[in-house]
Amino acid sequence: MGLTGGDVLTTCVDFINTLAPCLVRAGWHGDIANLLSLLLGVVIVATVPLLTVILLIWIERKFAARIQDRIGPNRVGPYGLLQSLADALKMLTKEDITPTGADRVLFNLAPIITFATVVLIWAIIPFTPLHIGADLSIGILYFVAVGSIGAVKVMIGGWSSNNKYALLGAFRTIALIVSYEVPMILALLVPVLMAGSMGMQDLTHAQGGMWFIVMSPLAAIIFFIANLAETGRSPFDLLEAESELIAGYHIEYSGFKFGMFMAGEFMQVFTVAVLTAVLFLGGWWGPFVDQVPALGFIWLGLKTAVVYLFMLLIRNTVPRFRIDQVMNINWKFMVPLSIVLILLQSFLLRLVDVLGLRPAPELANDLLANLPQTLVLLAGNLVLGAIFLLLLQRHGRTLRKADEALAAVREPAPAGGMAEA
Amino acid sequence: MIELNAQTIAFAILSALILGGGLGVVTTRNLVHGALWLILSLLGVAGYFVLLSAPFLAAVQVLVYIGAIAILIVFAVMLTRSMTSLGEVRNRQWWISAITVVLLFLLLAVGIILPVWGRGAPGDVTTLSATVGGAVELGEALVAGDGFVLPFEVASILLTAAMIGAIVVARDEEDGQA
């Protein structure tokens, strides 16, 4: 929202983007008006996701309930809509316990960092062609950098609790977060390659003709899975594997501090859904968005809802992986795949250029003009995906054979206890 | 004289963050706290990069130094549990390190101040935005033939060698029979 003197003549119709010039015309001092409009922008960008989460918790609980053949919250308010508010009140009134021997300052700091890092990402989400907190030229890198602070909060929370299980949970979570950051960043490079920019608005504009999920479905899938792991939810919820670690790094937290961890997790899931929609599903692009930019908000919301519900579906239907399985999937499958994908994608983009299949700049937003290059990129992705799936199948077969061979050897052993060792 | 504007105030706050964080690193007796102070200090450096209109470097600073290196330090400290609560951290060599640090600081200060000494003429002032490029210029400079392609490749080889070394070190000895 960088406003200069040149904008003063604009009308006050577009309220959010022209608040400062409006105030200046009403006789305010320029600096104060600018500061006020910036502050308002920050408050709006930070508050909207916070308030949305309250509703999202209700949606998630209803969704999970339907999958598990229950009714879900239905007591507080119509359809149980106010259940989250009641829960929040309950958490506020609960006793706030700090364990003995805990590092008090750090113990209180961890929930705050948890929340702050998630809210910070919302600064770079382009809601419509006009409305974005800050259109940084390094948007994607900003997201990655802020996301990497997430490991710090886990560390602080787990260590300061003075609890073995919390520390063990923190180690596991960090291992998970740090590992899955690798394929996530590599997958993020693919949209950057295709758009030729790291800015979020540029990335969205580049999808005017064709969404990136069609041009590189593999990148979208890797990004989605890696983010699913980063949020630490089922099937990647090893950090709170109840039978092993009780509740992970935030086991000692109670009352509202626990509430902040929980809401932070919900918000992170929501944020990931928005980012997937922006990076791969065309962001605010949709019918009539050229005429009425504000419509972009609705299109983005719809796409986000689709991704979000898909994430809920996975969370509630896929069983938890073991830690070694999680690491194997990451290092032996997703990392190699994403590295090969980047090489392939840059080669294909070059090929498209050489063959002259790239649409002319004035036709960049035309679906038909984008079809040739889309087909080339899609075909490359599908071939690569097929090759990796075949390799996986072969690997799986070898593993199964080894298992069967082992079982055959063990079979004749007496049914005593010693054979197990 | 120094002008008092938003940038000067931001510079003062960031400097306080960096110096305060650094002071925290050397004075605290708890190693985990020391690592966290270090994170605060590094965050301030990232703020400097933003002030210098180099957002790319700022993001990389956060990503590499806080997201990777600081985490590694904290991880290492936490895994050596007996180290987290040392009563007596100071050893007898503290004065050697103090002298080394002071000398290093003087060396750096001289190296930075000497080249710009006496260039206070008003005509010498150049705006930062004219000299500092964005991520695109940086990327092109790194791979251009007349740019920094050689140092870039040397650094890549060094990092690759380090990675292979890490794998070799961490590898299980009895890996062959598995």
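This is a predicted model: local features need pLDDT of at least 70, side-chain atom pairs count only at pLDDT 80 or more; totals for chains, interfaces and linings use all residues.
Biologist: What makes up the secondary structure of chain A, and what makes up that of chain B?
Modeller: Chain A has 14 helices and 0 strands, while the secondary structure of chain B comes to 7 helices and 0 strands.

Biologist: What does the share of buried residues come to in chain A and in chain B, and how do you know that a residue is buried?
Modeller: A residue is called buried if 20 or more other C-beta atoms lie within 10 Å of its own, and by that cut-off 41% of the 421 residues of chain A count as buried, whereas for the 178 residues of chain B the value is 16%.

Biologist: How do you know what share of the contacts joins residues at least 24 apart in sequence?
Modeller: Among contacts between residues at least 6 apart in sequence, those joining residues at least 24 apart make up 73% in chain A and 53% in chain B.

Biologist: Which domains does chain B have, and what separates their centres?
Modeller: The domain assignment of chain B gives domain 1, covering 1-87, and domain 2, covering 133-171; their centres, taken over C-alpha atoms, are separated by 25 Å.

Biologist: How do you know that chain A touches chain B, and which helices of chain A are involved?
Modeller: Two residues are in contact if their C-beta atoms lie within 7 Å, and 17 residues of chain A are in contact with 15 residues of chain B. Helix H5 (139-160) and helix H6 (164-195) of chain A each supply at least two residues of the side that touches chain B, and the largest share, 10 residues, comes from H5(A). By class, that side of chain A has 15 nonpolar, 2 polar and no charged residues.

Biologist: Why is H5(A) called roughly parallel to H3(B)?
Modeller: The axes of H5(A) and helix H3 (residues 55-79) of chain B come within 9 Å and cross at roughly 20°. Angles under 35 degrees count as roughly parallel, and therefore H5(A) is roughly parallel to H3(B). The crossing in which H5(A) passes H3(B) is left-handed.

Biologist: Which residues make that contact, and how do they divide by class?
Modeller: On H5(A) the contact includes Leu141(A), Tyr142(A), Ser148(A) and Trp159(A), and on H3(B) the residues include Phe56(B), Gly67(B), Ile71(B) and Met78(B). The contact of H5(A) with H3(B) has 17 nonpolar, 2 polar and no charged residues; Tyr and Trp count as nonpolar, and Gly counts as polar.

Biologist: What makes H11(A) oblique to H12(A)?
Modeller: The axes of helix H11 (residues 255-280) and helix H12 (residues 295-317) of chain A come within 8 Å and cross at roughly 125°. Angles over 145 degrees count as roughly antiparallel and those from 65 to 115 as roughly perpendicular, with angles under 35 taken as roughly parallel and the rest as oblique, so H11(A) is oblique to H12(A). H11(A) passes H12(A) in a right-handed crossing.

Biologist: Which residues meet there, and how many of them are charged?
Modeller: Val269(A), Phe270(A), Ala273(A), Val274(A), Thr276(A) and Ala277(A) in H11(A) meet residues of H12(A) that include Leu300(A), Lys303(A), Thr304(A) and Tyr308(A). The contact of H11(A) with H12(A) divides into 9 nonpolar, 2 polar and 1 charged, and Lys is one of the residue types that count as charged.

How values were computed:
Residues are numbered from 1 along each chain as its sequence is written. Chains are lettered from A and ligands numbered from 1 in the order in which they are written. Helices (H or I, at least four residues) and strands (E, at least two) are DSSP runs, numbered from the N terminus. A residue is buried if 20 or more other C-beta atoms lie within 10 Å of its own, exposed if 12 or fewer, and partly exposed in between; C-beta atoms are placed from the backbone. Domain bounds come from an automatic or database domain assignment. Axes are lines fitted to C-alpha atoms, for helices over the stretch in contact, and angles run from 0 to 180 degrees between N-to-C directions. A crossing is left-handed if the near helix is turned anticlockwise from the far one by less than a right angle, and right-handed if clockwise.
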